[in-house]
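User: I would like to learn how to read a model of this kind, feature by feature. Could you take me through the general idea each time and then the case at hand?

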Amino acid sequence: MRLTTQDVGWNRSSKPIIEGITLDVQPGETLGLIGPNGSGKSTLLRLMAGLLRRPRGQVFLDGQPTETLSRREMAQRIAFVEQLAETSEALTVRDVVELGRTPWLSALSPFGPQDEAIVNEVLDAVGMAQMIDHSWDTLSGGERQRVHIARALAQRPQLLLLDEPTNHLDIHYQLSLLRLVSTLDVTVVMALHDLNQAMTCDRLAVMDNGRLIICGAPADVLTPERLASVFRVRATPLHDPTDNSTILRFHSIEDELI
Ligand SMILES: Nc1ncnc2c1ncn2[C@@H]1O[C@H](COP(=O)(O)OP(=O)(O)OP(=O)(O)O)[C@@H](O)[C@H]1O
């Protein structure tokens with residue numbers, strides 16, 4: 001699914017929080033949204049998901065303005081895993097993931113074996129199949145995050161929006177989530193703070209102070225000048241011969257001034 005935003009903006013008490021965001025995300029592309037704290041990444045994701053009313057601009061899914069889609073039609077297309085997503089504590093892991101099937105159910109099409117198979121498959125994909133009957137309030141932060149991701153995958157979306165999806169995950173599950181996302185045949189937009197993880201995205205969009213600064217290939221975006229001006233760090237590129245990749249080791253600019 002192609003996602004397009006055209007001059008999207010959002011204010012709070014007449015103060016612009018994000019402004020003039022125009023982006024074109026191609027079908028199947030993984031776009032990383034990066035930027036300092038408070039730069040507007042979560043706000044932009046919430047606008048894309050239709051959770052905030054837009055005072056300015058438009059969002060299109062495959063060329064169709066999102067305001068012409070019902071909530072159910074939006075939920076059949078877009079799944080969103082928010083930062084600090086909350087869920088009622090009286091639910092089990094299975095209940096939470098089954099909620100992901102809601103947009104596809106109706107009186108004529110109740111929860112059935114195909115939905116059950118999807119729920120089992122996504123729980124397996126995030127390594128939570130063994131905990132299906134555990135109560136939500138007994139789960140660790142990382143387990144909750146994996147269940148939220150499973151719930152989003154159970155929606156069978158064409159566009160997956162993830163706000164810092166590796167938060168709370170141990171290193172094994174961080175890598176496994178990023179690998180899972182890269183194998184999905186869906187369009188993905190995800191906010192990330194780890195710039196080395198962000199480098200695995202097809203393209204990166206950099207937010208700073210509510211504005212989109214640049215969108216392009218990771219190597220073109222993460223230049224030494226931009227790392228200094230937007231992220232206030234310097235980076236040393238290091239070569240990993242195991243897969244011929246480059247990783248960045250970061251240094252605080254303040255340290256260098258001492
Ligand atoms: N409902 C709101 N009311 C007032 N200010 C808000 C609201 N939502 C967001 N903001 C402000 O808008 C700015 C952007 O917030 P946002 O959460 O989008 O940033 P972010 O890039 O996702 O940050 P982080 O990396 O810290 O998660 C912040 O300064 C935040 O305080």
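Predicted model: local features only at pLDDT ≥ 70, side-chain atom pairs only at ≥ 80, totals over all residues.

User: How is the chain divided into domains, and which elements of domain 1 give two or more residues to the side that touches domain 2?

Analyst: Domain bounds come from an automatic or database domain assignment; here they give domain 1 (3-217) and domain 2 (223-258), whose centres, taken over C-alpha atoms, are separated by 28 Å. Seven residues of domain 1 are in contact with five of domain 2, contact being C-beta atoms, placed from the backbone, that lie within 7 Å. On the domain 1 side, α7 (195-198) and β9 (203-208) each give two or more residues, where helices (H or I, at least four residues) and strands (E, at least two) are DSSP runs numbered from the N terminus.

User: Which residues of α4 are buried, and which are exposed?

Analyst: Burial is read from the number of other C-beta atoms within 10 Å of a residue's own, placed from the backbone: 20 or more is buried, 12 or fewer exposed, and in between partly exposed. In α4, V119, V122 and L123 are buried; they fall within an arc of 105° seen down the axis, so they line one face of the helix, the arc being that of the directions from the helix axis to the C-beta atoms. The buried residues pack against α3 (93-99) and α5 (141-154), whereas P113, Q114 and A117, on the other side of α4, are exposed.

User: Why is E98 classed as partly exposed?

Analyst: E98 is classed so because 19 other C-beta atoms lie within 10 Å. E98 lies in helix α3 and, leaving aside neighbours within four places in sequence, is in contact with F111 and V119.

Key. Residues numbered from 1 in each chain as written. Contact = placed C-beta atoms within 7 Å.
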